[in-house]
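Hi everyone, thanks for coming.

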Amino acid sequence: MENNKSNTATRWKIIAGVLAIALIAVCCTWGFTANSKQSTQPAGETAASETVAANQDAKADALSYWTESAPLKTELTGYIKAVTDESSKDFIPVKDRIAVFDMDGTLTCETDPGYFDHKLLYHRVMEDPDYKDKASDEEKATAAIVKEYFDTGKYPEGLDVKHGQAVASAFKGMTISQFDEYVKAYRDTPMESYTNMTNGQAFYQPMLQVIDYLQANDFKVYIVSGTDRLITRGLCDGVIDIPLSQMIGSDESFVATNQGDKDGLEYTYSHDDQLITGGDFIIKNLKMNKVSVIEREIGQQPVLCFGNSSGDGAMANYTITNNKYKTGAYMLCCDDLERENGNIEKADKMRASCEENGWTAVSMKNDWTTIYAEGVTKK
């Protein structure tokens, strides 16, 4: 009997010991978990705070290549704040947030020693071993005028149309993809006036920031250039993140490979056809022609315009005149002689035009902390 009592007591002692150990284990686990939560929670909150702060810094730094005193930076940031605020009297619905940019001299260098499309034509007619011996007398004569422009820096009267026609004829018969490949191959050639930069890299970094800034605020961006449409697309494709349909330029004709001399109203594109350049120049997209093409292809009056020359004046005035929304027009002045191939006379003339027309002048020298990508220097 006593033996049974002894065994029972021993069993209860064992059970009590096990329970005690289990209780200690549970307490330790709970304490560790609680401490872990206490230690990780602040870190999570800190991470979230850091993310918000980083986003705010990135937003505030959207125009980091612009000096704090730059009129465009001050005006544009205030403008964006007003037109994107639904409670503001200046609010602009997303569907009406249209911005138009010239290309040469506004987004990319136009003085090395001349426009990209003029350099391309000269290369095609005078240097390309596969074409120079086939070039027509008219094309060679135009190339000679282009060379004169390069040498003197003075743009000859009448060259716009002559150059447009020469481009159309010199690239006649190419498919769209062949023309695009040709343009992109040439854009990879070195710039003459700069080290560590190709023609395709000669984009103004501050202006690319403006495009990114506008797109981040739901603006639809169009390039409206005097350069041939296909050349504009070939130069900007992969650099500026907009569809090719939003890259507008001067126009040449297109035909089907089997169309021959038939008018487009008399010919139906067949399964055996390809679209090729037709060889005829149609229109130079400058001055009033820019206004016309905006109506034809965009169908809306822009609210922001960016340009650099008299060829953009009509587009700028169209943007800010009789517009139901708050508007702005900005013109670049090529006044930097150290980092860019500037021209003070042209810059002063543009400043005078800005004062006369109500545009905001942009000083490359004073408003930009940088012009090209890091490592690029002017020779």
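**A first walk around the model**

By buried I mean under 20% relative accessible area; exposed is over 50%, and partly exposed is in between, with a 1.4 Å probe and protein chains only.

Before going on, a word on what you're looking at: this is a predicted model, where local features need pLDDT of at least 70, side-chain atom pairs count only at pLDDT 80 or more, and totals for chains, interfaces and linings use all residues. Residues are numbered from 1 along each chain as its sequence is written, and side-chain values use heavy atoms, with hydrogens and water left out.

Which residue forms a salt bridge with Arg229? The partner is Glu297, and the closest N and O atoms are 2.5 Å apart. A salt bridge here is a side-chain nitrogen of Lys or Arg within 4 Å of a carboxyl oxygen of Asp or Glu. This pair links distant parts of the chain, since Glu297 sits in helix H9 and Arg229 in helix H8 (residues 229–236), 68 residues apart. When I say helix or strand, I mean DSSP runs numbered from the N terminus: helices are H or I with at least four residues, strands are E with at least two. Glu297 has a relative accessible area of 35%, so that one is partly exposed.

In total, the structure holds 17 salt bridges, and I'll show you a couple of others. Asp96 and Lys95 meet through their side chains at 3.1 Å, N to O. Asp96 is buried because its relative accessibility is 9%, while Lys95, at 59%, is exposed. Then there's Arg339 with Asp336, where the closest N and O atoms are 2.8 Å apart. Asp336 is buried, with a relative accessible area of 3%, and Arg339 is partly exposed at 26%. There is also a network: salt bridges that share partners join Asp102, Lys290 and Asp312.

Now, the pockets. How much volume does the largest pocket have? About 1400 Å³. Grid points are joined across faces, edges and corners, and the volume is the space filled by probe spheres set on the points. The largest pocket is lined by 46 residues, and the closest to its centre are Tyr115, Tyr155, Ser309, Ser310 and Lys346.

Several elements supply at least two lining residues each, among them helix H3 (116–127), helix H4 (137–152), strand S3 (220–228) and strand S7 (328–333). The largest share, six residues, comes from H11. By type, the lining divides into 15 nonpolar, 17 polar and 14 charged residues.

Next, some backbone details. Which peptide bond is cis, with omega near -5 degrees? That's the one from Asp112 to Pro113, and Pro113 lies in the loop between strand S1 (98–101) and H3. Then look at Lys287, in the loop between S5 and H9: its phi is near 55 degrees, a positive value in a residue other than glycine. Lys287 is partly exposed, at 48%. Asn322 also has a positive phi, of about 55 degrees, although it is not a glycine. You'll find Asn322 in the loop between helix H10 (313–320) and S7, and at 75% relative accessibility it counts as exposed.

Gln178, in helix H6 (residues 176–187), is 98 residues from Ile276 in sequence, yet their C-alphas are 9.1 Å apart in space. And Lys378, in strand S9 (residues 377–378), is 183 residues from Thr195 in sequence and 6.4 Å away in space, C-alpha to C-alpha. That's my tour, thanks.

Terms used: 1 Å grid on protein atoms, 1.4 Å probe; cavity = no way out; pocket = protein on both sides within 12 Å on 5 of 7 lines; lining within 4 Å. Nonpolar A, V, L, I, M, F, W, Y, C, P; charged D, E, K, R; others polar.
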